[in-house]
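Good morning, and thank you for the time.

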Amino acid sequence: MNLLEMNHVRKSFDNLEVIKDISLCVGEGEIVSIIGPSGSGKSTLLRCATMLETMDTGELIYLGEKAAWTDASGKIVYAPKKKLKQIQSCYGLVFQSFNLFPHFSVLRNVMDAPVTVQKREKEEARRAALELLKRMGLEDKADAYPCQLSGGQCQRVAIARALALNPQILFFDEPTSALDPELTGEVLKVIKSLADLHIAMVIVTHEMAFAKDISDRVIFMAEGLIVEEGRPEQVFSSNNERTRSFLGRYGSMLTQG
């Protein structure tokens with residue numbers, strides 16, 4: 001069964017159509033990378049999938065449950081709040097700018113949502129949070145605050161925080177774009193290490209070698225449309241002119257990757 005389905009999604013800001021009739025699905029444990037030039041609608045698509053943006057029209061389905069759909073009059077309708085809360089518990093989101101609580105310690109950042117949102121026992125949430133921090137190589141930073149960490153460490157805390165909710169699908173919105181090149185590698189390494197958890201991942205990224213290496217499927221977007229999708233070897237050796245033009249800029253990196 002598909003974890004996520006998006007059907008005929010459209011989204012405009014004022015008179016600019018940013019998402020133009022996009023449909024996609026993500027299966028259990030599948031890793032999907034979304035690539036494309038800046039301004040192609042990748043992050044907006046992710047924000048529509050995670051309901052941070054309201055779609056104009058289309059259908060959004062998680063685990064067979066409709067989160068949003070277009071009614072007979074052509075207007076978008078979202079499921080009732082209680083239903084949406086239930087649906088939202090099946091995914092997590094890692095932002096490019098970390099979005100950590102600056103006044104919370106690293107440990108509290110990770111265990112806060114399981115306690116306040118999922119109503120889990122504090123001690124159980126603490127144990128799970130410490131285990132996740134260990135997985136991220138940050139067990140010695142549990143009592144530190146975000147301002148005391150590097151950008152790479154902050155992003156690893158953000159990943160631990162998203163994992164703490166036990167999601168079935170994890171969204172990454174350009175997780176390395178706010179990082180210096182030397183910190184990018186450490187975060188990509190952590191994301192790669194999550195593959196053994198068999199969590200589905202949707203990753204918007206400009207890191208082409210990484211996308212080629214980690215993905216089960218790659219989606220290439222341009223100007224609000226999916227131009228091409230397929231297995232990494234298909235997309236990265238594509239004959240499509242638009243795809244080749246975009247990937248040509250990353251030639252040397254892909255060879256190294």
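What volume does the largest pocket have? The largest pocket has a volume of about 690 Å³. This is a predicted model, in which local features need pLDDT of at least 70 and side-chain atom pairs count only at pLDDT 80 or more, while totals for chains, interfaces and linings use all residues. Residues are numbered from 1 along each chain as its sequence is written, and side-chain values use heavy atoms, with hydrogens and water left out.

On a 1 Å grid over the protein atoms alone, a pocket is an open set of points with protein on both sides within 12 Å along at least five of seven lines; a cavity is a set where a 1.4 Å probe fits but cannot get out; lining residues have an atom within 4 Å of a point. Points are joined across faces, edges and corners, and a volume is the space filled by probe spheres set on them.

The pocket is lined by 19 residues, with Gln 88, Tyr 91, Ala 113, Val 117 and Leu 165 nearest its centre. Two or more lining residues come from each of helix 2 (81-88), strand 7 (91-94), helix 3 (106-116) and helix 5 (151-163); helices (H or I, at least four residues) and strands (E, at least two) are DSSP runs, numbered from the N terminus.

I turn to the cavity. Helix 1 gives the most to its lining, with three residues. Among the lining residues are Leu 4, Met 6, Phe 171 and Val 202.
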